[in-house]
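Me: I would like to learn how to read this fold feature by feature. Can we take it in steps?

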Amino acid sequence: MTIIGRSVRRLEPGATGVPVFGEPYETSDGSTIITATRVGGGPFAAAPLGIFVIHDGTVRWESAVDTTRVALFGEFIGLAAAVIATLAVFRRPPWPDVSAAGLAAMQRLERGSK
């Protein structure tokens, strides 16, 4: 099978995680930029990977940072910390036990220490 045939087969609708490269773009300073994107299925159909920058015969990779995922990860960490703190407070509250049984136990302790 030829290279073109393999490439076309990789871009079928069921393919996931296939990298796709954009058309080369030349800037005014003589640099050539080629974009790279990962194409997949589901809610995140396409995700930017980064760009290749070719300048004076050297190639440099500049990766793209998905700030949405970074923010979502930070929110998840905050939610997990809040849930753990809430469970810790419900399991053993930081305030004294002021129920009837707790008051009776504190009175017995006071009588026993005198």
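Me: How many bridges join strand 2 to strand 3, and do they run parallel or antiparallel?

Reply: First, a caution: this is a predicted model. Now the case. Strand 2 and strand 3 run antiparallel, joined by two bridges. Tyr25 stands opposite Ile33 in strand 3.

Me: What lies between strand 2 and strand 3 in their hairpin?

Reply: Five residues separate the two strands of this hairpin.

Me: Is Ser31 buried or exposed?

Reply: Buried means under 20% relative accessible area. Ser31 has 6%, so Ser31 is buried. Next, ask what touches it. Leaving out residues up to four places away in sequence, Ser31 touches Tyr25, Glu26, Val53, Ile54 and His55.

Me: With which strand does strand 1 pair?

Reply: Strand 1 pairs with strand 3, antiparallel, over four bridges. For a landmark, take Pro19, which stands opposite Arg38 in strand 3.

Me: How many bridges join strand 3 to strand 4?

Reply: Eight, and these strands run antiparallel. Thr37 has Pro48 as its bridge partner in strand 4.

Me: In what sense do strand 4 and strand 5 pair?

Reply: Antiparallel, over six bridges. His55 has Thr58 in strand 5 as its bridge partner. The two strands form a hairpin with two residues between them.

Me: What should I check in the turn of that hairpin?

Reply: Asp56 is in the turn, with a positive phi of about 55°. Asp56 is a residue other than glycine. Its place is the loop between strand 4 (46-55) and strand 5 (58-63).

Me: Is Asp56 buried or exposed?

Reply: Exposed means over 50% relative accessible area. Asp56 has 68%, so Asp56 is exposed.

Me: How far apart are Gly50 and Val65, in sequence and in space?

Reply: Keep the two scales separate. In sequence they are 15 residues apart. In space, C-alpha to C-alpha, Gly50 and Val65 are 8.1 Å apart.

Me: How is a pair of aromatic rings described?

Reply: By the distance of the centres and the angle of the planes. This structure holds two aromatic pairs. In one of them, Phe21 and Phe52 are 6.3 Å apart, centre to centre, with 40° between the planes. That pair is tilted.

Me: Which parts does the pair of Phe21 and Phe52 tie together?

Reply: Locate each ring in its element. Phe21 is in strand 1 (residues 18-21) and Phe52 in strand 4, so the pair ties together parts 31 residues apart in sequence. Phe52 is partly exposed, at 28% relative accessible area. Ring pairs link Phe21, Phe52 and Trp61 into a cluster.

Me: How many salt bridges does the count give?

Reply: One. Glu62 and Arg60 meet through their side chains, at 2.7 Å from N to O. Then check how open each partner is. Glu62 is partly exposed at 35% relative accessibility. Arg60 is partly exposed too, at 47%.

Me: Which residues make the nonpolar surface patch?

Reply: Phe73, Phe76 and Ile77 make a patch of about 350 Å². Phe76 lies in helix 2 (residues 67-91). At 53% relative accessible area, Phe76 is exposed.

Conventions:
Residues numbered from 1 in each chain as written. Predicted model: local features only at pLDDT ≥ 70, side-chain atom pairs only at ≥ 80, totals over all residues. Heavy atoms only, no water. Buried < 20%, exposed > 50% of the residue type's maximum accessible area, 1.4 Å probe, protein only. Pairing = 2+ DSSP bridges. Patch = residues over 30% accessible without salt bridge, like charges linked within 9 Å, V, L, I, M, F, W, Y side chains within 5 Å. Areas by Shrake-Rupley, 256 points an atom, 1.4 Å probe, with all protein chains shown as cover. Salt bridge = Lys/Arg side-chain N within 4 Å of Asp/Glu carboxyl O. Phe/Tyr/Trp six-rings, centres within 6.5 Å; stacked < 30°, edge-to-face > 60°. Contact = heavy atoms within 4.5 Å.
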